[in-house]
Amino acid sequence: MPTSQNICFTPSSFLLTGIPGLETQHIWLGIPIFSLFVVSMMGNTAILWVVRSERSLHQPMFLFLAMLAVTDLVLSTSTVPRMLAVFWLGAQEIGLEACLAQMFLIHCFATVESGIFVAMAYDRYVAICTPLRHCAVLPFAVVARIGLAALLRGTLYIGPLPFLLRWRLPSYRHRVIAHSYCEHMAVVALACGDQRPSNLYGMAIGFLVLILDSLAITASYARIFGAVRGLAAPEARRKTAGTCAAHLCAVLAFYVPIVLSSLTHRFGPHIPPHVHILLANVYLLIPPVLNPIVYAVRTRHLRETLL
């Protein structure tokens, strides 16, 4: 296989390096990653099982939580097994089509998860500001359509990314991806030809989703906090604020690592590569673990049903 920087070729597969600079620590790094993966699988599967089996949980909040659990399961299973294969087995090779499929799943379902957080913020707004109309505004059919819309948005936004790579940038300078999974920017950096369309589209979609969804969540909670301040009883204010705490914790656990990863990748050229990659791994590993734990701890009805 050609390896010269001046030779462009079409590879049938890529090689994932894991975390450059920490190759000697891969075996040890795999242990916490595997532990997080197990906790994520158990927690999200438990959430799905409980919501499905308990009819009293067939409410918009818990239906959106079930969608979030499915999204987290897809994110975990599409990345961690391959990551552990690289760390523990030295199985670095991944086929071209498999790499593009992994890229699509990661970015698509990260976009879906962001959309579900927006839907959950809207659900809390309706439940707190217009509680008598909650079931009328968000019946099961509307909740299902919102979930489908989040999935379609993720598919439409991210679908062009692998196609831009497959058809506009079919040739590469080498096939070694300095990452633990097929991240879009890491693959684009290897390509021959004009990388600007892929780079610009990826950046535009990332900022579009991040900014618009963050503004929507902020607007919902601004209205919620205004309604909470208007409650006369302190106990009612505490109870209402408590119902939003789990969602806010989950939102912060999802968005903060993404923002930090994006900022260090775009504006931190002097930051060591392994820091970039560790941050990129954090936003795929931590939210699927924290979401079921946070909601189980902060939501009394769900916690009691789980117990």
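**Entry 1: confidence**

pLDDT is the predictor's confidence in each residue, on a scale from 0 to 100. I needed that first, since I am working from a predicted model, where local features require pLDDT of at least 70, side-chain atom pairs count only at pLDDT 80 or more, and totals for chains, interfaces and linings use all residues. Residues are numbered from 1 along each chain as its sequence is written, and side-chain values use heavy atoms, with hydrogens and water left out.

I looked up the mean pLDDT of the protein and found 85. Of its residues, 92% reach 70 or more. Then I went through the elements, where helices (H or I, at least four residues) and strands (E, at least two) are DSSP runs numbered from the N terminus. Helix H5 (residues 140-158) has the highest mean pLDDT, 95. Helix H9 (residues 234-267) has the lowest, 74.

**Entry 2: disulfides**

I searched the whole structure for disulfides (cysteine sulfur atoms within 2.5 Å). I got two. Counted along the chain, the bonded cysteines follow the pattern 1-4, 2-3.

Cys8 and Cys192 have their sulfur atoms 1.9 Å apart. Their link is left-handed, with -100 degrees about the S-S bond. Cys8 sits in the segment before strand E1 (13-16), and Cys192 in the loop between helix H7 (184-188) and helix H8 (196-229). The two are 184 residues apart.

I checked exposure too: buried is under 20% relative accessible area, exposed is over 50%, and partly exposed lies in between (1.4 Å probe, protein chains only). Cys8 is partly exposed at 42%. Cys192 is buried at 12%.

Next came Cys99 and Cys182, with sulfur atoms 2.1 Å apart. This link is also left-handed, at -120 degrees. Cys99 is buried at 0%. Cys182 is buried, with 0% as well.

**Entry 3: aromatic pairs**

I counted seven aromatic pairs. Rings of Phe, Tyr and Trp (its six-membered ring) pair if their centres lie within 6.5 Å; planes under 30 degrees apart are stacked, over 60 edge-to-face, the rest tilted.

Phe34 and Trp88 are tilted, at 5.7 Å centre to centre and 50 degrees between the planes. Phe34 belongs to helix H1 (residues 26-53) and Trp88 to helix H2 (residues 60-89), 54 residues apart. Phe34 is partly exposed at 38%. Trp88 is partly exposed at 37%.

I also noted a cluster of Phe117, Phe254 and Tyr255, linked by ring pairs.
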